[in-house]
Amino acid sequence: MAESSPVRFGILGCANIARKVSRAITLAPNATISAVGSRSIEKATVYAKENGYPSTTKIYSSYEAVLDDPKVDSVYIPLPTSLHVKWAVLAAQKKKHVLLEKPVALNVKELDVILEECESNGLQYMDATMWMHHPRTAKMKEFLSDSQRFGQLKSVHSTFAYLGDKEFLENNICVKSDLDALGALGDAGWYSIRAILWTTDYELPKTVTALRDPEFNEAGVILSCGASLSWKDGRVATFYCSFLANVAMDFVASGSKGNLRVHDFVVPFKENAAPFYTVEDLWFGELAKSIHPAPSEQQVNTDLPQEALMVAEFSNLVGSIKGEGSKPEKKWPTISRKTQLVVDAVKASIEKGFEPVEIIY
């Protein structure tokens, strides 16, 4: 698709996260906002104005109207997780490409319905896991793939936590059993699980075992939890996610020859520059009074924020399908499904008294 013919997005709802993605669509060189829909046209009108939508943006009083607009190529769906299967399937049936906020579904059974509808209609699907699109991610993968510097992967540990205030813990959709029943596991754990799978080149673990003593609210929604993942060859991974701890976005991969560490893998401390740290052949100094060498900081700059790069990548794929008759890129539905499988396994392990759950793809 030519640059003069950007991919036209419709936004379903006026969620807070959609403000960030709306800005990303504006920043991406090959995308534009064409329509927004809300159950309240007044709310949608104010939302469009506050977020600097183009004056040509159609404002609708329903999600259906966005899907029925022939000038919408793709939809971004930031609705509560319990509504994803309904609206993503409807979008695909209306021949709209789907950029779906995570967690993408309540379980893999729901996700399969979405993916099958997208595939049967020749549509691109992608989940909105933004850090995947930062150039730092590719640079980190270069290090992890270097057998001389990193060696063989042995372990991964990832944490994503943030402290919800009283308002959040009482009223946010992420803590409502009828809206986002996966709670912290779906909202924060999704990122850590994706990071672990990314490190293993999306080779699924053999078993997943939830850690004991997860925290729940009165509605039974997870507020914090963790799990360990095991592979047949001895590789292990752990993660922790929480709405009850100070912001942490840490990720550590340990190899036989080197280590990689990043402190802001979900959202960089700075929008235009993101560091990660590597160390090779680390060893003890005399009398084990020190260790050396010190980690090396690698700084990766970007002109566009990671969410805009995500929109640009998605729009590139949509443009190729529309303009050149290309097939949808299957990488994105595949890794989305694998992430969901692990989310499901953690939940199942909690429900089974923290027994190991075998992953079957």
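A pocket here is an open set of points on a 1 Å grid over the protein atoms alone, where a 1.4 Å probe fits, with protein on both sides within 12 Å along at least five of seven lines; its lining residues have an atom within 4 Å of a point. Its volume is the space filled by probe spheres set on the points, which are joined across faces, edges and corners.

The model is predicted, so totals for linings use all residues, while local features need pLDDT of at least 70 and side-chain atom pairs count only at pLDDT 80 or more. Residues are numbered from 1 along each chain as its sequence is written, and side-chain values use heavy atoms, with hydrogens and water left out.

The largest pocket holds about 960 Å³ of space. Its lining runs to 37 residues, with Ala-15, Asn-16, Ile-17, Pro-78 and Ile-173 closest to the centre. Two or more lining residues come from each of α1 (16-27), β7 (153-163), α8 (183-199) and β12 (244-255) (DSSP runs numbered from the N terminus: helices are H or I, at least four residues, and strands E, at least two). The top contributor is α1, with 3 residues. Sorted by class, this lining has 23 nonpolar, 7 polar and 7 charged residues (nonpolar: Ala, Val, Leu, Ile, Met, Phe, Trp, Tyr, Cys and Pro; charged: Asp, Glu, Lys and Arg; polar: the others, Gly among them).

Next comes the second largest pocket, with about 310 Å³ of space. Among its 15 lining residues, Leu-115, Glu-116, Glu-119, Lys-330 and Pro-333 sit nearest the centre. Helix α5 (108-120) supplies the largest share of that lining, 5 residues. The classes split into 7 nonpolar, 1 polar and 7 charged.
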